[in-house]
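Please find below a colleague's note on the structure shown here.

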Amino acid sequence: MRDSRDEPWAVETMDELLALARAMEQEAIAGYVALAERMRHENRPDLAAVFERLVAEEEGHLGAVDRWIEQSTVAVPPPVALQEPMFDDEGAAFVAPELLNSYRAFSMAVRNEERAFVFWSYVSAHAPSEEIRQAADRMAREELGHVATLRRERRRAFHDLRRSGASPVRGEIAALELRLSDHLEARALRAAGKEAERFRALAEAAQARSAAAVARPFGRSAVLDAVPEGADAKLVPLCELLLDCYLDLAEREKEEDGRLRAQACAGEMIACLQAVRQ
């Protein structure tokens with residue numbers, strides 16, 4: 001049996017899984033409530049409104065977990081303390097308010113949802129039973145949907161802030177994936193040992209997605225028509241761009257196969273972003 005003290009993603013029962021899900025949503029709600037209160041205190045009603053929207057979003061997520069509990073045969077799980085904090089305000093509780101804006105607020109929210117997606121993916125991969133694996137997969141899919149919603153809000157915030165400075169970038173996903181592979185190979189050359197191996201593996205995965213996109217093309221993502229020029233010049237912005245594309249395609253694809261392919265690619269891009277940021 002795994003020791004959950006050593007593996008915070010170890011989940012043995014549905015009670016544990018649902019208790020963790022509730023605790024994660026409650027932690028995020030508390031974090032955004034505190035930030036909204038601080039922004040009101042700092043006389044930034046615009047940012048207070050952004051964080052209040054994020055509170056409402058997380059309360060909706062918590063409501064979905066509670067409905068799941070009500071519809072299942074699982075008893076309402078008792079409160080549980082997270083072994084490791086999942087919510088990260090990235091310094092927003094302390095940074096000067098004038099350094100914050102709606103784009104940064106939504107960026108922080110996006111990264112929190114991405115971390116939650118990675119967490120539930122780990123839970124699924126190490127699930128002790130099919131029931132736990134399916135439940136963790138469901139949570140991961142929910143988090144992927146949350147990522148898509150918040151990234152749309154972030155794009156709106158970006159265009160509100162930089163409307164006059166943006167110019168379109170034209171390109172196809174296959175070409176962007178090859179560009180990503182080049183970036184990752186360059187990172188691998190600067191690394192050593194297991195880190196170099198990890199970046200080479202990510203580069204190979206990008207090449208595989210590029211080849212798949214050529215063999216079975218997706219439709220064109222509208223994301224590619226309205227992003228800052230040079231977004232593919234650096235590794236992280238390129239990862240962000242590709243993730244936005246796949247999330248957009250996952251919503252636009254009418255066929256189940258295309259939708260699942262886009263979602264799978266989005267999941268790989270989130271894992272790539274995690275590795276790059278580390």
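1. A salt bridge joins Arg 156 to Glu 153, with 3.0 Å between the closest N and O atoms; the term requires a side-chain nitrogen of Lys or Arg within 4 Å of a carboxyl oxygen of Asp or Glu. Because Arg 156 and Glu 153 are 3 residues apart in helix α4, about one helical turn separates them. Helices (H or I, at least four residues) are DSSP runs numbered from the N terminus. Arg 156 has a relative accessible area of 45% and is therefore partly exposed, whereas Glu 153, at 19% relative accessibility, counts as buried. Buried means under 20% relative accessible area, exposed over 50%, and partly exposed in between, with a 1.4 Å probe and protein chains only.

2. The model is predicted: local features need pLDDT of at least 70, side-chain atom pairs count only at pLDDT 80 or more, and totals for chains, interfaces and linings use all residues. Residues are numbered from 1 along each chain as its sequence is written, and side-chain values use heavy atoms, with hydrogens and water left out.

3. How many salt bridges does the structure hold? The number is 20. In general, side chains of opposite charge can pair when their charged atoms come close. Another pair is Arg 133 with Asp 137, whose closest N and O atoms are 2.6 Å apart. Both residues belong to helix α4 (residues 130–162) and lie 4 residues apart, about one turn of the helix. Arg 133 has 31% relative accessibility, so this residue counts as partly exposed.

4. Glu 240 and Arg 151 also form a salt bridge, with their closest N and O atoms 2.9 Å apart. This pair links distant parts of the chain, since Glu 240 lies in helix α7 (residues 235–252) and Arg 151 in helix α4, 89 residues apart. Are these two residues buried or exposed? Both Glu 240 and Arg 151 are buried.

5. Helix packing is the next topic. Two packed helices are described by the angle between their axes and the distance between the axes. The axes of helix α5 (residues 173–190) and helix α8 (residues 256–277) come within 13 Å and cross at roughly 30 degrees. The two helices therefore count as roughly parallel. Axes are lines fitted to C-alpha atoms, for helices over the stretch in contact, and angles run from 0 to 180 degrees between N-to-C directions. Angles under 35 degrees count as roughly parallel, over 145 as roughly antiparallel, 65 to 115 as roughly perpendicular and the rest as oblique.

6. In this contact (heavy atoms within 4.5 Å), α5 contributes Glu 177, Leu 180, Leu 184 and Arg 187, and α8 contributes Met 269, Cys 272 and Val 276. By class, the contact of α5 with α8 has 5 nonpolar, no polar and 2 charged residues. Ala, Val, Leu, Ile, Met, Phe, Trp, Tyr, Cys and Pro count as nonpolar, Asp, Glu, Lys and Arg as charged, and the others, Gly among them, as polar.

7. Helix α3 (residues 102–125) also meets α8: their axes come within 10 Å and cross at roughly 110 degrees. That angle makes α3 roughly perpendicular to α8. The residues in contact include Arg 111, Glu 114 and Phe 117 of α3, and Ile 270, Leu 273 and Arg 277 of α8. By class, this contact has 4 nonpolar, 2 polar and 4 charged residues.
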